Amino acid sequence: MKKKSKMNKPIIFIGIIVVLFALIFVLNNSNKNALYGKSSSDLNPATRELLDDPNYQNIILPGDLADMKKNKEDFFVYFFSSDCSHCRFTTPQLTPLVKELGVDMKMFNLLEFREYFGKENIEFTPTLVYFKDGVQAERLVGGLKEEGTDSGYSLDDFKAFFEKYKTSEGGSAK
């Protein structure tokens, strides 16, 4: 019996180590993609690049967007695509403005949920939409004006858009 007991100890020890490594792997993966509700291997590489970027943390998922619309809430959603150069230019400048104004701007990644281009009638990214009572009320289509281009908005344009709606009844300011 003693021999049998000695042989079981290494097997149990190895089993515990395997379980611990598996648990560490699962916890690392689940924390990394909590923003999207998908495993990181299912995310587009451009989205994976932004997972730790502080400018892309207020992500809203399709179910939450549907709930806010159903509940007839007033809110802002910034529709972007993680592989969009205009979004990558605009977002790092827009995020500090949003914080400064105390606006809760949700961010919806159309690269991960492509069907929402049609569902939300989005033609170009970025597009900033204000929802009043759960319905799209107004939008800014496009990002910040980039050097050498004729189109785009200024930060003041975005600021005016936020200020126009953030103080509305039930507004989105926090």
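The side chain of S82 forms a polar contact with the side chain of N109 at 3.4 Å. A polar contact is a pair of N or O atoms within 3.5 Å; within protein, one must be able to donate a hydrogen and the other to accept it, and residues adjacent in sequence count only if both atoms are side-chain atoms. The model is predicted: local features need pLDDT of at least 70, side-chain atom pairs count only at pLDDT 80 or more, and totals for chains, interfaces and linings use all residues. Residues are numbered from 1 along each chain as its sequence is written, and side-chain values use heavy atoms, with hydrogens and water left out.

S82 sits in the loop between β1 (75–80) and α4 (85–101). Helices (H or I, at least four residues) and strands (E, at least two) are DSSP runs, numbered from the N terminus. The relative accessible area of S82 is 1%, so the residue counts as buried. Buried means under 20% relative accessible area, exposed over 50%, and partly exposed in between (1.4 Å probe, protein chains only). Leaving aside residues up to four places away in sequence, S82 touches A46, T47, L50, R88, N109 and L111. Contact here means heavy atoms within 4.5 Å.

The chain has 6 helices and 4 strands. From the N terminus on, the order of elements is α-α-α-β-α-β-α-β-β-α. Of its 174 residues, 38% count as buried. Among contacts with a separation of 6 or more, 65% join residues 24 or more positions apart. Accessible areas come from the Shrake-Rupley method with a 1.4 Å probe; for residues, only the protein chains shown count as cover.

Part of the surface is a nonpolar patch. F13, I14, I17, V18, F21 and I24 make this patch, which covers about 620 Å². V18 belongs to helix α1 (residues 2–32). Patches are made of residues with over 30% relative accessible area and no salt bridge; like charges are joined within 9 Å, nonpolar side chains (Val, Leu, Ile, Met, Phe, Trp, Tyr) within 5 Å.

Side chains of opposite charge can pair when their charged atoms come close. The whole structure contains 6 salt bridges. Each is a side-chain nitrogen of Lys or Arg within 4 Å of a carboxyl oxygen of Asp or Glu. R88, a contact of S82, is bridged to E49, with the closest N and O atoms 3.2 Å apart. This pair links distant parts of the chain: R88 is in helix α4 and E49 in helix α2 (residues 45–50), 39 residues apart. R88 is partly exposed at 31% relative accessible area. E49 is exposed at 57%.

K69 and E120 form another salt bridge, with an N to O distance of 2.7 Å. K69 lies in helix α3 (residues 62–70), and E120 lies 51 residues apart from it in the loop between α5 (116–119) and β3 (127–132). K69 is partly exposed, at 28% relative accessible area. E120 is buried, at 3%.

K132 and D74 also meet in a salt bridge (3.2 Å, N to O). K132 is in strand β3 and D74 in the loop between α3 and β1, so this pair ties together parts 58 residues apart in sequence. The relative accessible area of K132 is 30%, which makes the residue partly exposed. D74 is buried, at 11%.
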